[in-house]
Amino acid sequence: MSAFVLKCGKLFDGVSDRLTGPAEILVEGDRITEIGPSVRRPSDAQTVDLSERTVSPGFIDTHVHLTMDAADLAQQTLKSSAAKALKGLNIAREYMRYGFTTLRDMGSADPEFPTVDLRDAINSGLVQGPRLLVAAHIISASAGHGDLRGFYASRWNIPVSAIADDAGAIKALVRREHTYGSDWIKTTNTGGYFSPGDDSARVTWFDDELNVLVATARQLGMPVAVHTGAAEGCKQAIRAGVRSLEHAYLIDQEALRMAKQAGMFVVPTMQMTQEDLKALHSHTLPCQAVWKFSRDNGRIVESQRLIAQSDVKIAYGTDCGMFPFSHGILEFEAMVAAGLTPVRALKAATCIAAELLNQEDIGVLAVGKHADIVAMPGDPLADIGVTAKVDFVMKGGSIYRGRGRV
Ligand SMILES: [Zn+2]
């Protein structure tokens, strides 16, 4: 069993509002076994000097698409499941270097289950990578955000979309996700921006359709995450009892109050809006997104301010895959720019994200928890930008970046 003593300059433990330290963390095997001003020194322990660093629980990105590439979605979707999984593995490992030790993948456009295979390969130790929780597909109504058939000629009937239009078919899709290993059910109850033939301002499920989806997931013990845009879509999703609202592009005060009352999580993907604004101004936004995003961008930014001003539970999620993973770390800065305090942004990526995912052994630095630990120079409460300078990453007691790497 390997052992490390991490000498930490400052410590963000994932739940406190302030930094503490200096402190030491003893890691034995894959767990944290001691934290304090000075810890035991097992004879085989390797010491890692992080005395010039702020140490934090590993970051959690609760909304990525490892197997989707929006740079050319229509073409990339046609690639084989194996090609998507292999590329996704490479992306996941690279993304872990930024400090993301856990990811929730929010869906692939593929007839098979490439993200489930990827998760299982990592869990079994076949390959190294971050912890993964996955929703294999995006269950959608026909003509909804998850229906990508509009990219192709109708005669091709390409089976890349998980679509259903009646209660029986919706139940079957949810149960299929469970059978083949999804951790989460991902659905979409409004249109989106990068998909063809739908509109984020319109609700695409009827109430009874979303209700049967959520009820079926609940019966199987699976939480539901819903891509949602229009305020009416946010309210429909809250009434149906989903666990997280993804994007909530056009959420209003009333929906935020409902979300707060229901204890629901919001994953506002704020950096993506910044990426889309840049693309809009440089005329590189995909044509199917231009008319919708040109109309809505001011309201999206305003909704993100309302989210920041509210006291709903905000979890860190980026939608990377829809933009390059190398920019996913910038969600911290986007959150603070929208009005979150730096410590709330840090908690969004640690303890709140862990709560959303029902993973009590991550997102906090405490004895008995998984040794998922990152370090960065400077003070992230004074300058959130230092989160982009992570140079030490440990997952489950193994060092993936920085001094002491195995
Ligand atoms: Zn997404």
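So, Asn-358: buried or exposed? With 10 C-beta neighbours inside 10 Å, Asn-358 counts as exposed, and the cut-off for that label is 12 or fewer. Bear in mind that this is a predicted model. What I like about Asn-358 is the backbone: phi is near 55°, a positive value in a residue other than glycine. Most residues other than glycine have a negative phi.

Asn-157 isn't a glycine either, yet has a positive phi of about 50°. This one lies in the loop between strand S8 (138-140) and strand S9 (162-163). Asn-157 is exposed, with 8 other C-beta atoms within 10 Å.

Most peptide bonds are trans. Pro-22 is in the loop between strand S1 (3-11) and strand S2 (23-28).

Right, on to the helices, and H9 in particular. H9 covers residues 287-309, so 23 residues, and at 1.5 Å a residue they should span 33 Å. The end C-alpha atoms are 33 Å apart, which agrees. That said, H9 does bend, by about 55° at Asp-296. Asp-296 is also among the buried residues of H9, and others on that list include Ala-289, Lys-292, Phe-293, Ile-300, Ser-303, Gln-304 and Ile-307. An α-helix has 3.6 residues a turn, so residues three or four places apart point the same way. And what covers the buried residues of H9? The cover includes helix H7 (253-262), strand S13 (265-267), helix H8 (270-281), strand S14 (313-314) and helix H10 (331-338).

Next, a helix pair. Helix H4 (residues 167-179) packs with H5 at an angle of about 35°, and their axes are 9 Å apart. The crossing of H4 past H5 is right-handed. On the H4 side, the contact is made by Ala-167, Ile-170, Lys-171, Val-174 and Arg-175; on the H5 side you've got Glu-209, Val-212, Leu-213, Thr-216 and Ala-217.

Staying in H5, which runs over residues 207-219, you'll find Asn-211. Asn-211 is partly exposed, because 17 other C-beta atoms lie within 10 Å, and a residue needs 20 or more to be called buried. Asn-211 and Val-242 are 31 residues apart in sequence, and C-alpha to C-alpha they are 9.4 Å apart in space.

Last stop, a sheet. What is the strand order in this open sheet of three? It goes S5-S6-S7, with parallel pairing. Strand S5 (59-64) and strand S7 (131-134) stand at the edges with a single partner strand each, so one side of each has no neighbour in the sheet. On average, neighbouring strands here are turned by 15° against each other, direction ignored. Strand S6 (residues 100-105) pairs with S7 over four bridges, in the parallel sense, and Leu-103 stands opposite Leu-132 in S7. Lying across S6 and S7 is helix H3 (residues 114-123), which runs at about 150° to S7.

That's my tour, so over to you.

Notes:
Residues are numbered from 1 along each chain as its sequence is written. This is a predicted model: local features need pLDDT of at least 70, side-chain atom pairs count only at pLDDT 80 or more; totals for chains, interfaces and linings use all residues. Helices (H or I, at least four residues) and strands (E, at least two) are DSSP runs, numbered from the N terminus. The expected span of a helix is 1.5 Å times one less than its number of residues. The bend at a residue is the angle between axes fitted to the seven residues ending there and the seven starting there. Two residues are in contact if their C-beta atoms, placed from the backbone, lie within 7 Å. Two strands pair if DSSP finds at least two bridges between them. Axes are lines fitted to C-alpha atoms, for helices over the stretch in contact, and angles run from 0 to 180 degrees between N-to-C directions. A crossing is left-handed if the near helix is turned anticlockwise from the far one by less than a right angle, and right-handed if clockwise.
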